[in-house]
Amino acid sequence: MKLALSPDEVTFRDELREFYRTKIPAEIRDRVKYGRELSREDIVTTHRILNEHGLAVPKWPVQWGGQDWSPMQLHIWEDEMQLASVPEPLTFNAQMIGPVIAQFGSEELKQRFLPPTANLDIWWCQGFSEPDAGSDLASLRTTAVRDGDSYIVNGQKIWTTLAQYADWIFCLVRTDPNAKKQAGISMLLFDVNTPGVTIRPIKLIDGHHEVNEVFFSNVRVPADQLVGEENMGWTYAKFLLGNERTGITGVGRTKVKLGLAKEYAAQTKSGGGTLMDDPVFAARVAELENELLALELTLMRVVSQPLDGKPNPASSVLKLRGTELQQAATELLMDIAGPDALPVHAADIASPEWAQITGPTYLNYRKTSIYGGSNEVQRTIIASTILGL
């Protein structure tokens, strides 16, 4: 595999690097870099700047806003965005439902939804997990019963990220209760303001409102908002989750965290020097950097080998290892902060702000090994589809 960029790829990288650092507001990028909370407006502003310049959905078909880029160019686009601490295009739109509609939706659905999805005129949320159907997603029990030109939806979803900001939901529902569980699932699209939809916040251990539970009580959904064919939703969900798992890898984001860790460690006194002078600590940092490099090379191999729209089982490797390294980086930052990680968001104490953020960030990142299919499930996928066990 080629490890060095060609001259054209270097030019492409440098142009993106310049764009990200000059066109995206610095205050937004600083919030990302230092782990501060982004507002809905921050996310929408960045997404629309990227879309205006053809940088929001480059993986989509060209006729819907995508770019005819090589796999290496797509990798550079994403990696440089993360390294510049630019909020990435809203994943529910760009990585999840957009590609599904482009691949499986009718021409009518494409015309209706893809342009506003690309520009974040519609903010989507993901209605997949349920109280008893998280990693075992095919056990979902939310039902959709056909009634003339509509479906009547009843049930519950949970851990619905940023549903408090959402306009529409892409929702897995059971349309054939008598079929084998994967075979009886469909995907519906509907407005979260439809009568019968209730969204309730779930406060996480880090103190933030990021996820929600969503209830459906006799929600009437027009049948023309079915994606693809009835009872084929499991196929679309696997396609979507393959995209999600690759996107979860986050090599660039983890590089930024490790860079901050080295910066803070060099300012933290330890013995007669700083933490970076401690050979044990320096070895820990070096090990993480080497593991991250190995992951990056694996990612480049995966993204360079498209499978004609089919989910790549290697995405499970990326999801598994990527989330482990993200968690390791947040743990490293919290260890550097030490006792200063304990007082959270307290302005009248001596603990620096960066140290106070490390504790909540560490706790928040426990989720990464669960969402997108838990890491235990990923190991099962790797064992069966890659290792043939």
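Predicted model: local features only at pLDDT ≥ 70, side-chain atom pairs only at ≥ 80, totals over all residues.
The largest nonpolar core comprises 75 residues, among which Y20 and L189 touch the most other members. Helix α5, spanning residues 91-104, supplies the largest share of this core, with seven residues. At least three residues of the core are drawn from each of domain 1 (7-89) and domain 2 (124-231). With neighbours within four places in sequence set aside, the contacts of Y20 are R29, L50, L55, W77, E80, M81, A84 and V86.

I386 is classed as partly exposed because its relative accessibility is 39%, a value between the limits of 20% for buried and 50% for exposed residues.

Most residues other than glycine have a negative phi. L120, which is not a glycine, has a positive phi of about 60°; L120 is located in the loop that lies between α6 (107-118) and β1 (124-127). Its relative accessibility is 3%, so L120 counts as buried. N231 likewise has a positive phi, near 70°, and is a residue other than glycine. The loop between β7 (209-222) and α7 (233-248) holds N231. With a relative accessible area of 22%, N231 is partly exposed, since the buried class requires a value under 20%.

Technical notes. Residues numbered from 1 in each chain as written. Heavy atoms only, no water. Core = buried A, V, L, I, M, F, W, Y, C linked by side-chain atoms within 4.5 Å. Buried < 20%, exposed > 50% of the residue type's maximum accessible area, 1.4 Å probe, protein only. Helix = DSSP H or I, 4+ residues; strand = E, 2+ residues; numbered from the N terminus. Domains from an automatic or database assignment. Contact = heavy atoms within 4.5 Å.
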